[in-house]
Each structure stands twice: as structure tokens, then as C-alpha cells.
Amino acid sequence: MRVGVLTGGGDCPGLNAVIRAVVRKGVNGHGFEFVGFRDGWRGPLEGVTMPLGIEQCRGILPRGGTILGSSRTNPFAVEGGVERITDNLAAAGVDALVAIGGEDTLGVATRLAELGVAVVGVPKTIDNDLSGTDFTFGFDTAVNIATEAIDRLHTTAESHHRVLVVEVMGRHAGWIALHAGIAGGASAVLIPEAPFDIEAVCAHVETRFRSEYAPIIVVSEGAVPADGTGMTLVSGEKDAFGHVRLGGIGDRLAHEIERRTGKEARAVVLGHIQRGGTPSAFDRWLATRFGLQAIDAVADGEYGVMMALRGTSIVRVPLVEGTGALKLVSPREYAEAQVFFG
Ligand code: F6P
């Protein structure tokens, strides 16, 4: 059997660990051959492949990024895209596909599976917002990077008696902000799920200064002010899946806090630092197990499923279950963090 592998969407620490596990178990355990598709769905769409075997996977376990490359190509937004994919898969002699991606990449996999393409999904995103799985790999690494940044910012903020706003990734879901904010002892954590009141944020800032500490405000890039609270945002350009390119809330917030409290405020945008570099041990472990189980699903001929972590077990769930709705921070989970605000 010949299996194609692709990685799509924003890259994420642990992608290479999945590829390595898929190939190692596929070759040694099942006698499969592999072909790598370049840059997410662009590979099968344009027929761009690369050799993929045990040789190509040597030494990649601790490396961030993806040896296959990635993109946000949406074949359903391209005229004749689906036919081009099925033709190119046939031309490459591919019997089954392992698609490693987040909401968008697996959303495409879901639709292709419904059209009869033999595809198995592996969930990835630093945002941890895919339903169906307790965690996605990449998230733990991102949270560790953000937490280390917050730890470092505490000391410089205190030395200068200033507010530091830390903007982290999280388009729709505030998981990175919530976990890193709790781990780093933030004065407030602002997430997309709960539009914030700038006056309440300023009150937390004042409280923290009164206790002789400097406030650290952690904000998800997708956080928004509540209507009628006197703060507005401008929106940016869109990608192939219709997502607005985010970024800028940290600066806007720092500006508003400084204007309203008179305290100096600066913003730090962690951006792609959260996605780059070596994966944490947890992410290597999770990614490896997802890869092993994904190629077993291919061997079993069980398509239209994605791997999911439930407790400590890896299970197969229908792709549609993992991509149907986003996993968001619940009010109860957010309330746990709010105990420490101010
Ligand atoms: O989808 C994961 C993510 O990290 C989001 O949190 C973020 O909005 C997006 O990627 C940004 O990625 P890029 O700059 O590659 O478009």
C-alpha cells in the first residue's frame, strides 16, 4: 500500500514527530510505502510531492516545523479543486492519505472523506481548540513558551513600575492565554470567549500596583472589548478560509490602559515564537502516539476518522466530530482564573 502524508495550516511543534511515527510504523510494521505531499493541500492540488521514507525521518523528532512544509490552501475555494486532488492522488499511486492539521485542514479532510477519499486525520494546533480530543500537540509547547515569557516579564515590569501586556495566539479560543496566565500569575487574562470591559481591566491594574507589584495582562489575539465599553478595534485582511489576520489587540490595550490609568504600559507580542522551535516532551509523546495510531487506522482500512486523546488513551473519532464545533473555554474554567485577577 502507498500512503500520502501532508501537514496543513499554521505549523506546530510536534508535526515532525507525527510524520516520523507514521512512517516508522508504516514501513516496519505494515510494509507500506510513503509519498510526502508538499505544503498542505497545495501538494495534492498541484501534484507536488517529495520522497518520504525512514531516511527522510532521521533526526526530525525534536525539530519544530514540518519537513513537508505547510500552507493554508483551501482546495474547495479553487475551481475543480476536488477533481484535481483525486486525479493527482491516483497519478501518485496513493491508496490512502494521512492529513495532519487543525480546523481548516481537517475540515477539508472531512469533506473529501465524504466524497470517498481514503483519509485519516491527525489533529494539530497550538490553539488546542479542536473538539473531540482532550489536547492537541503543540499546545503544551506554546503554553510553556508563553509562561516563560510571563515569568521574565514580571521582573522587568516590577523594576520599571509599568504594566506589561502579553499578547498570545488564540484566534477563537483562549486556551493558551488561560493556561499560561494561570501558570504565570497574570493580573488578568482576556480571552475571545468573554469580551472584556476595559474599565474592569484598569481596575485590576490599579489593584496590582497598590500591592507593590506590577501587573501583567495576558490577552489572546482574538480577544475583543465588550460592546458599549468604550473601546473599538479595526479588522484586517482575510486568508483562503475567510479568517481575518489577527494581531494588534496587545498594543491597543496597552495604549488604553496607559491613557485611562496614567501608568506606563507596554505590549509584547509573542506571535510565531509560540509555534517555532523544539516541541516539549509531552508534545513529542502525544504526536508520536497520534502517528502510530493513525497508520494503524490506515492498516485497518478505517477512514474518515481522526485520532483523539481521551484521558491517556488514543481513540479514533469521526473526522466530523473533531471538526464540527470548536472547543472553547467554558465560563466555569474562566471563572477559576478570575479568582486571581487584580
Ligand atoms: O491556527 C493557529 C494559529 O496559531 C492562530 O492562533 C493564529 O491566529 C494563526 O495560527 C496565525 O498564523 P499565520 O500567521 O501563519 O497565519
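This is a predicted model: local features need pLDDT of at least 70, side-chain atom pairs count only at pLDDT 80 or more; totals for chains, interfaces and linings use all residues.
## Domain layout

The domain assignment divides the chain into domain 1, which is made of two segments, 2-137 and 279-323, and domain 2, which covers 140-275. The C-alpha centres of domain 1 and domain 2 lie 33 Å apart, and the contact between them draws on 20 residues from domain 1 and 18 residues from domain 2.

## Buried area

The size of an interface is often expressed as the accessible area that is lost when the parts come together. Between domain 1 and domain 2 the buried area is about 1500 Å², with carbon and sulfur atoms giving 55% of this value. On the side of domain 1, Arg72, Ile126 and Asp127 together supply 35% of the area buried against domain 2, which is more than any other three residues provide.

## Polar and charged pairs

Across the interface of domain 1 and domain 2 there is 1 salt bridge, and 5 residue pairs are in polar contact, both residues of each pair being at pLDDT 80 or more. A salt bridge joins the side chains of arginine 275 and aspartate 11, with an N to O distance of 2.9 Å; the domain assignment places residue 275 at the end of domain 2 and residue 11 within the 2-137 segment of domain 1.

## The face of domain 1

The elements that give two or more residues to the side of domain 1 touching domain 2 are helix 4 (103-114) and helix 9 (281-299), and helix 4 gives the most, with 3 residues. By class, this side of domain 1 has 8 nonpolar, 5 polar and 7 charged residues.

Terms used
Residues are numbered from 1 along each chain as its sequence is written. Side-chain values use heavy atoms; hydrogens and water are left out. Domain bounds come from an automatic or database domain assignment. Contact means heavy atoms within 4.5 Å. Buried area is the accessible area (1.4 Å probe) that two parts lose on being put together, summed over both. A salt bridge is a side-chain nitrogen of Lys or Arg within 4 Å of a carboxyl oxygen of Asp or Glu. A polar contact is a pair of N or O atoms within 3.5 Å; within protein, one must be able to donate a hydrogen and the other to accept it, and residues adjacent in sequence count only if both atoms are side-chain atoms. Helices (H or I, at least four residues) and strands (E, at least two) are DSSP runs, numbered from the N terminus. Ala, Val, Leu, Ile, Met, Phe, Trp, Tyr, Cys and Pro count as nonpolar, Asp, Glu, Lys and Arg as charged, and the others, Gly among them, as polar.
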